[in-house]
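Trainee: Please take me closely through one part of this model, the contact between its chains. Then use what we learn there to look at the rest.

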Amino acid sequence: MPRATSDAKLLIQSLTKAYAATPTNLKIIDLYVICAVATALMQVAYMGLVGSFPFNSFLSGVLSCIGTAVLAVCLRIQVNKDNKEFKDLPPERAFADFILCNLVLHLVMMNFLG
Amino acid sequence: MAEPQSSRTTSGGDGRLRNALGGVLCAFSLLLIGVLAFSIRLFSVIKYESVIHEFDPYFNYRVTQFLSKNGIYEFWNWFDDRTWYPLGRVIGGTVYPGLTLTAGTIWWLLNSLNIPLSVETVCVFTAPIFSANASWATYLLTKEAKGPGAGLMAATILAMVPSYISRSVAGSYDNEAVAIFALIFTFYLYVKTLNTGSLFYATLNALSYFYMVCSWGGYTFIINLIPMHVLLCIVTGRYSSRLYIAYAPLIVLGTLLAALVPVVGFNAVMTSEHFASFLVFLILHVVALVYYIKGLLTPRLFKVAMTFVVTVGLALCFAVAAILIALVASSPTKGWSGRSLSLLDPTYASKYIPIIASVSEHQPPTWPSYFMDINVLAFLVPAGIISCFLPLSDASSFLVLYLVTSVYFSGVMVRLMLVLAPAVCILSGIALSEAFGVLTRSMKFQRPTSDDGSSTAGDGSPNIPANSKAVSKEKPSKKNRNKEKDSEGSSSVDTRTEEKLLVLPCGPSAVGIMLLIILSGFYVVHCVWAAAEAYSAPSIVLTSRSHDGLHVFDDFREAYGWLRHNTGADDKVASWWDYGYQTTAMANRTVIVDNNTWNNTHIATIGTAMASPEKAAWDILNSLDVKYVLVVFGGLIGYSSDDINKFLWMVRIGGGVFPHIKESDYLRDGNYRVDAHGTPTMLNSLMYKLCYYRFVETDGKGFDRVRRYEIGKKHFKLTHFEEVFTTHHWMVRIYKLKPQKNRVRGKLRLKSSSKTSSMRKTSGKKSPWH
């Protein structure tokens with residue numbers, strides 16, 4: 001279906017063009033998110049290979065990766081200049097909140113790691 | 001009272017002063033609300049004594065004693081061998097530690113400050129302190145939704161609502177005392193995060209949720225309500241990035257924190273109660289992605305992307321859903337726990353789990369209990385719902401959803417009226433505050449000296465939200481029991497710019513305010529009466545008034561004291577499971593079954609023993625190493641919650657596991673009777689015999705004051721048990737198992753009974769057991 005493929009190509013082109021226009025700091029955050037999710041997927045694949053015996057370790061590993069990815073997405077939302085709701089929020093404050101939440105997450109995760 | 005012209009220069013200062021005064025008034029009101037919440041719960045301490053009530057609090061008290069004596073590491077790893085003999089119970093892994101840790105921390109803090117309060121005192125007063133905290137949390141939550149005036153109103157109402165008082169009087173040291181505070185506080189932090197979008201509050205929200213998971217099994221309500229609300233927001237088109245920040249970190253952090261609590265453990269990811277949260281987590285991510293891509297692309301391309309994604313995405317969704325459903329359907333209860341299933345299907349427990357069905361607080365409530373427990377608020381709530389819709393915000397939609405779900409659950413189980421209480425209080429607070437706002441505004445702008453006071457009942461309903469915001473912003477402390485009539489120049493400047501006000505005529509407004517105050521007066525009188533008369537009874541001590549004064553029945557403590565001082569430290573006591581916690585806490589003896597009811601077969605064994613004839617019962621009890629049996633009997637004084645009234649439940653539970661116990665054997669023509677028409681099985685059962693042994697000696701006729709007839713079998717002897725103690729009013733009776741006889745006469749047939757003594761030495765050994 002040439003129409004579909006040309007549409008798909010156009011779609012991908014316009015997506016990549018629009019994405020290239022985002023500022024660098026947001027792209028760095030996006031990279032961090034992708035790395036975290038990839039790590040989580042690797043852990044799940046590993047669990048599929050060797051079994052889930054210390055289940056608490058598996059759970060804490062996966063949830064810490066997903067958690068830090070989610071928090072990075074929240075940071076991205078707050079730091080994004082196009083976002084009208086957060087224009088009063090200084091990015092330093094957003095980053096400090098991000099650090100605090102990550103601290104709590106990793107503290108809990110270390111406790112649960114066993 | 002500033003003039004309109006000169007007030008403009010000083011209006012800034014005036015505004016700040018008014019704000020400061022409003023803040024002080026608000027803080028002072030909150031302090032008074034806290035004192036009110038604390039003191040209305042002290043009736044039982046004044047009328048009786050500072051003692052722990054009921055059954056479950058005794059277990060919590062015992063655990064707190066252990067914690068305070070041995071420290072937290074011992075507590076975390078505690079294996080209790082004084083209960084569920086011979087199985088024991090892993091306390092560290094099966095108790096919700098929030099309450100005991102809270103009270104233990106308070107005790108430790110006070111003791112380190114050299115305030116030597118005993119553990120019992122701290123335990124008794126934990127509930128009133130936390131109900132004061134809960135009122136403050138209600139103020140915060142309602143302030144987030146509707147403003148400080150409504151907040152103060154809701155806090156006052158919650159401080160007094162009888163349904164919450166019933167589970168948090170001084171002495172009711174149970175999980176709900178702390179859990180309701182945790183519930184409201186978690187909801188407040190969620191709404192605050194939703195309103196501000198701050199990650200800091202999201203972190204606090206997760207930590208507060210952790211505290212709730214530690215405290216009560218009802219945390220599943222939170223983890224299902226919040227996803228429902230997120231779904232509602234998405235479906236009604238109110239998705240925003242603040243919603244993502246409020247929900248996603250809570251789920252990840254919250255699941256991890258919930259898995260930390262030993263009682264929950266891996267259930268946090270494996271039971272169906274949590275699946276809703278994960279599902280909505282995925283849905284939220286999909287929606288967030290869609291909105292993001294929508295922002296990147298032009299509309300035409302977005303349509304193309306949507307069609308593409310929808311086809312692929314739906315296929316994937318179906319595959320994943322099919323796998324999940326297959327996994328879940330393979331478990332017999334579809335992954336839900338018994339208690340949750342009995343909430344979703346109210347008839348489930350009575351069909352499959354008689355133990356859950358037999359607990360009286362698991363029964364559905366009757367209509368009168370609604371009016372008893374929430375009184376006037378029952379018809380203020382619909383007004384509150386309407387007020388939440390004008391205007392509808394995320395916070396107010398959350399409140400309405402909370403109310404609707406808690407109304408359903410309170411209809412299933414009377415114990416859950418407690419979860420309904422905060423929702424009802426918040427919405428009634430909103431309704432009352434709005435009503436007062438409209439009426440006082442009517443009175444204020446109807447004053448003859450005011451310029452625009454002549455505008456009468458206009459329709460201005462679209463102007464109401466704008467006006468109410470303008471007026472309420474000026475007066476931060478708008479909790480108006482006294483009518484504020486000072487005219488400010490700035491206010492008339494504002495209102496002159498508004499077109500119409502919804503203003504009612506002055507007379508009806510005044511009457512309306514009076515009526516609302518009288519209504520609140522009725523509520524207050526009812527609450528105080530309910531707290532004093534209905535909910536302050538510590539079931540451990542009973543009182544009754546008669547023509548010759550006040551009688552106090554302290555039989556329970558008498559019996560436990562006797563057990564504590566007159567039996568060996570390792571002797572096992574068997575009784576019905578209701579009294580297990582009290583026996584271990586007060587008598588300090590090992591029991592066979594207690595209120596935790598986690599092992600149905602063990603309870604059924606005791607039930608079968610109580611329902612069997614003496615010899616069979618003795619065999620069963622002996623196999624469990626039991627030395628003493630305890631029964632509760634109310635026939636002499638008319639105490640109706642005794643073991644004879646509970647006996648049919650023993651039969652049902654025992655019959656559920658041991659089929660030779662049939663309920664029909666104990667009923668005569670479908671009626672439960674213990675008089676002369678009682679069935680022989682009933683009159684020969686251990687429970688009957690232990691309760692009515694020598695009862696005929698009290699009045700010569702054996703008239704049972706609870707059942708209101710004379711008993712069936714009056715003169716009988718016990719062959720395998722002996723009575724060791726009966727309390728003063730015959731309420732608790734303790735029996736000891738007789739040891740086996742050394743020799744049994746008539747059991748063995750001898751060849752010639754005449755030559756016994758001379759032949760005994762030479763005629764061979766008899767079996768040493770007989």
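Mentor: We start with the contact between the chains, then turn to the sheet, a hairpin, a salt bridge and some backbone details. Keep in mind that this is a predicted model.

How many residues of chain A are in contact with chain B? The count is 36 residues of chain A, and they touch 34 residues of chain B. Together the two chains bury about 3000 Å² between them. Carbon and sulfur atoms carry 81% of that area.

Now look for charge. Side chains of opposite charge can pair when their charged atoms come close. Between chain A and chain B the count is one salt bridge. Its partners are E85(A) and R242(B), with 3.6 Å from N to O. Find both side chains on screen and follow that distance. Polar contacts between chain A and chain B come to three residue pairs, counting those with both residues at pLDDT 80 or more.

Which elements of chain A give two or more residues to this side? They are α1 (2-20), α3 (55-79) and α4 (91-113) of chain A. Of these, α3(A) gives the most, with 14 residues. Sort the side of chain A that touches chain B by class, and you find 23 nonpolar, eight polar and five charged residues.

An unreviewed UniProt entry places the feature "transmembrane region" at residues 31-49, 55-75 and 95-113 of chain A. Take residues 31-49 of chain A: the span is 100% helix and 0% strand, and its end C-alpha atoms lie 27 Å apart. Residues 55-75 of chain A are also 100% helix and 0% strand. There the end C-alpha atoms lie 30 Å apart.

Next, move over to chain B and its sheet. Five strands form an open sheet there, in the order β6-β5-β7-β11-β10, with mixed pairing. β6 (590-591) and β10 (721-726) of chain B stand at the edges. Each has a single partner strand, so one side of each is left without a neighbour in the sheet. Inside that order, β7 (residues 628-632) and β11 (residues 732-737) of chain B pair in the antiparallel sense over five bridges.

A hairpin comes next. β3 (residues 542-546) and β4 (residues 549-553) of chain B pair in the antiparallel sense, over five bridges. Two residues lie between β3(B) and β4(B) in this hairpin. L542(B) stands opposite F553(B) in β4(B), and S544(B) stands opposite H551(B) in β4(B).

Back to charge, now over the whole structure. A search finds 25 salt bridges over all chains. One of them joins D80(B) and R62(B), whose closest N and O atoms are 2.9 Å apart. D80(B) lies in strand β1 (residues 79-80) and R62(B) in helix α3 (residues 56-70) of chain B, so the pair ties together parts that are 18 residues apart in sequence.

Finish with the backbone. Most residues other than glycine have a negative phi, and most peptide bonds are trans. Where do we find cis bonds in chain B? One joins Y85(B) and P86(B), with omega about 0 degrees. P86(B) sits in the loop between β1 and β2 (89-90) of chain B. Another cis peptide bond joins L390(B) and P391(B), with omega about -5 degrees. P391(B) is in the loop between α21 (377-388) and α22 (394-412) of chain B. Then check N114(B). Its phi is near 65 degrees, a positive value in a residue other than glycine. N114(B) belongs to the loop between α6 (98-112) and α7 (119-146) of chain B.

Conventions: Residues numbered from 1 in each chain as written. Chains lettered and ligands numbered in written order. Predicted model: local features only at pLDDT ≥ 70, side-chain atom pairs only at ≥ 80, totals over all residues. Heavy atoms only, no water. Pairing = 2+ DSSP bridges. Helix = DSSP H or I, 4+ residues; strand = E, 2+ residues; numbered from the N terminus. Contact = heavy atoms within 4.5 Å. Buried area = accessible area lost by both parts, 1.4 Å probe. Salt bridge = Lys/Arg side-chain N within 4 Å of Asp/Glu carboxyl O. Polar contact = N/O pair within 3.5 Å; in protein donor to acceptor, adjacent residues only side chain to side chain. Nonpolar A, V, L, I, M, F, W, Y, C, P; charged D, E, K, R; others polar. UniProt positions renumbered as here; feature names shortened; annotations may be inferred.
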